[in-house]
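Here is a short briefing on one protein. Look at the sequence and the model before reading the points below.

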Amino acid sequence: MASLRDTEIGALYTLDETIAKDIFHEAIYPWEVLSKIGEFIVELGNTLPEERYERKGDNVWIAKSAKVYPSACINGPAIIDEEAEIRHCAFIRGNAIVGKGAVVGNSTELKNVILFNKVQVPHYNYVGDSILGFKAHMGAGSITSNVKSDKTLVVVRAGEEQLETGLKKFGAMLGDHVEVGCNSVLNPGTVIGRQANVYPTSMVRGFIPANSIYKKQGEIAEKH
């Protein structure tokens, strides 16, 4: 039976796979750090070695080994880590950490996010107020919905347990190696365990257990 323990940081993420490792140290649940991302970026950015990272504009640090297309827009605070790729017309609105070797693709928008190393959001994605674990991938057109339609505060539900987050804006927490199918919508407060897959065109809410396949609401299969 799923429980809130399955949504804790240690259950979802390999912290050695992000430059933002230290932001998680005093938290239990990953969404607790969402309000701290901007301040953390400024503190960390000012310590990054100048021989490997270049400061551009207002609190934007870009690794010299990263590839940023001329048409991309990056607003600070932001860190683009080594070997990352920011493609044509990507829009980074601020408070964003893009991990080593990560891909932010054509017309993808990021806001208040941490992308762990090797994350791919390569085609027409919106990722806001979210954390994506090591090698997580969002298929073309899949998005995180980060505000409830009635504007009430987000509650995380796992099994029969629930936890009030106190947050109005909360997209999705994707564990390591999560695969989200094309044109799926991850509703506010979605948490997806490691190695889980989401079928294309899905509407997802709540907690999806690790090593499972989400087919539709109420139909989740265990991987074998």
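How much of the accessible surface of the protein belongs to carbon and sulfur atoms? The accessible surface comes to about 10,200 Å², and 47% of this belongs to carbon and sulfur atoms; areas come from the Shrake-Rupley method with a 1.4 Å probe, and for residues only the protein chains shown count as cover. The model is predicted, so local features need pLDDT of at least 70 and side-chain atom pairs count only at pLDDT 80 or more, while totals for chains, interfaces and linings use all residues. Residues are numbered from 1 along each chain as its sequence is written, and side-chain values use heavy atoms, with hydrogens and water left out.

**Overall form**

- The secondary structure of the protein consists of two helices and 25 strands; both are DSSP runs numbered from the N terminus, with helices (H or I) of at least four residues and strands (E) of at least two.
- The C-alpha trace spans about 50 × 35 × 35 Å along its principal axes.
- A compact globule of 224 residues would have a radius of gyration near 17 Å, and the 16 Å of the protein agrees with this; the radius is taken over C-alpha atoms, and the globule rule is 2.2 Å times the number of residues to the power 0.38.
- Of the 224 residues, 51% are buried (buried means under 20% relative accessible area, exposed over 50%, and partly exposed in between, with a 1.4 Å probe and protein chains only).
- Among the contacts with a separation of 6 or more, 31% are between residues 24 or more positions apart (contact means heavy atoms within 4.5 Å).

**Charges**

- There are 24 positive and 27 negative side chains, and the centres of the two sets lie 6 Å apart.
- Lys and Arg count as positive and Asp and Glu as negative, without His and the chain ends; the place of a charge is NZ of Lys, CZ of Arg, CG of Asp or CD of Glu.

**Cysteines**

- The search of the whole structure finds zero disulfides (a disulfide is a pair of cysteine sulfur atoms within 2.5 Å).
- For Cys 73, the nearest cysteine sulfur is that of Cys 89, 10 Å away.
- Cys 73 is partly exposed because its relative accessible area is 32%, and Cys 89 also counts as partly exposed, at 36%.

- Gly 38 has its place in helix α2, residues 37-45, and counts as buried because its relative accessibility is 11%.
- Leaving out residues up to four places away in sequence, Gly 38 touches Pro 77 and Asn 95.
- The C-alpha atoms of Gly 38 and Val 113 are separated by 9.4 Å, although the two are 75 residues apart along the chain.
- Pro 77 is in the loop between β4 (73-74) and β5 (78-80), and a cis peptide bond with omega of about -5° joins Gly 76 to Pro 77.

**The loop between β17 and β18**

- Asp 176 is in the loop between β17 (172-174) and β18 (179-180), and is buried because its relative accessible area is 2%.
- Beyond its neighbours within four places in sequence, Asp 176 contacts several residues, including Leu 12, Phe 134 and Arg 194.
- His 177 lies in the loop between β17 and β18 and is partly exposed, with a relative accessible area of 29%.

**Positive phi values**

- His 177 has a positive phi of about 65°, although it is not a glycine.
- Asp 129 is a residue other than glycine with a positive phi, near 50°.
- Asp 129 lies in strand β12, residues 126-132, and is buried, with a relative accessible area of 5%.
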